[in-house]
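Subject: Structure handover

Dear colleague,

I am passing on the structure we spoke of, with the sequence alongside. Please open both before reading further.

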Amino acid sequence: AQDVLQTLPQVIRRSPTGKTLGIAYQDLIAVLAAALQSLQRRLEVASADSREMRSRLGAVEVSLHTMEDSLLKSTVAMHARLDGLERLILRRLSDHGQTAAPLSEARGASSGVRIPPEHPPEVGGWPSV
């Protein structure tokens, strides 16, 4: 009873002389039940918050993958257009008797663009326009 007196004085009863302390267990059970209910409510709120955060994270991941796919498609299309422009320039230079080294090999090696395996480039470079 002495240990409980410090924490839960409301469940301690004194003898009529005041020398003996005792625990009113029915009061202790009520206090513990209230504490348990409070913890249960806090757990339910935390669980709901966790579910909401997981849902929001899932939506962000879907959005991110969509943007990555869009960026990859745009990058592949841009490289295809650049290769087409390069072929056109080289053809025009050739028509005028001039020559130039193709840049596509150097650009492909140094561009830093990484094409995932599910989108391999066509043989000979990027997909044609």
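Below is what was found, from the overall layout down to single pairs of residues.

This is a predicted model, so please read the confidence values first. The mean pLDDT of the protein chain is 84, with 78% of the residues at 70 or more.

The protein chain contains three helices and two strands, in the order α-β-β-α-α from the N terminus. Of its 129 residues, 13% are buried. The accessible surface is about 10300 Å², and carbon and sulfur atoms hold 60% of that. Among contacts with a separation of 6 or more, 31% join residues 24 or more positions apart.

Helix 2 covers residues 25-95, which is 71 residues. From first C-alpha to last it reaches 103 Å, close to the 105 Å expected at 1.5 Å a residue. Its buried residues include L28, L72, T75, V76 and H79; A80, D83, G84 and E86 are also on that list. After the helix comes G97, with a positive phi near 75°.

L28 also belongs to the largest nonpolar core, together with L8, V11, I12 and L21. Leaving aside residues up to four places away in sequence, V11 touches V4, G22, I23, A24, D27, L28 and V31.

A search of the whole structure gives two salt bridges. In one, the side chains of D27 and R13 meet at 2.0 Å, N to O. This pair links distant parts of the chain, since D27 is in helix 2 and R13 in strand 1 (residues 12-14), 14 residues apart.

E52 has a relative accessible area of 42%, so E52 is partly exposed.

Regards

Methods: Residues numbered from 1 in each chain as written. Predicted model: local features only at pLDDT ≥ 70, side-chain atom pairs only at ≥ 80, totals over all residues. Heavy atoms only, no water. Helix = DSSP H or I, 4+ residues; strand = E, 2+ residues; numbered from the N terminus. Expected span 1.5 Å × (residues − 1). Buried < 20%, exposed > 50% of the residue type's maximum accessible area, 1.4 Å probe, protein only. Core = buried A, V, L, I, M, F, W, Y, C linked by side-chain atoms within 4.5 Å. Contact = heavy atoms within 4.5 Å. pLDDT = per-residue confidence, 0-100. Areas by Shrake-Rupley, 256 points an atom, 1.4 Å probe, with all protein chains shown as cover. Salt bridge = Lys/Arg side-chain N within 4 Å of Asp/Glu carboxyl O.
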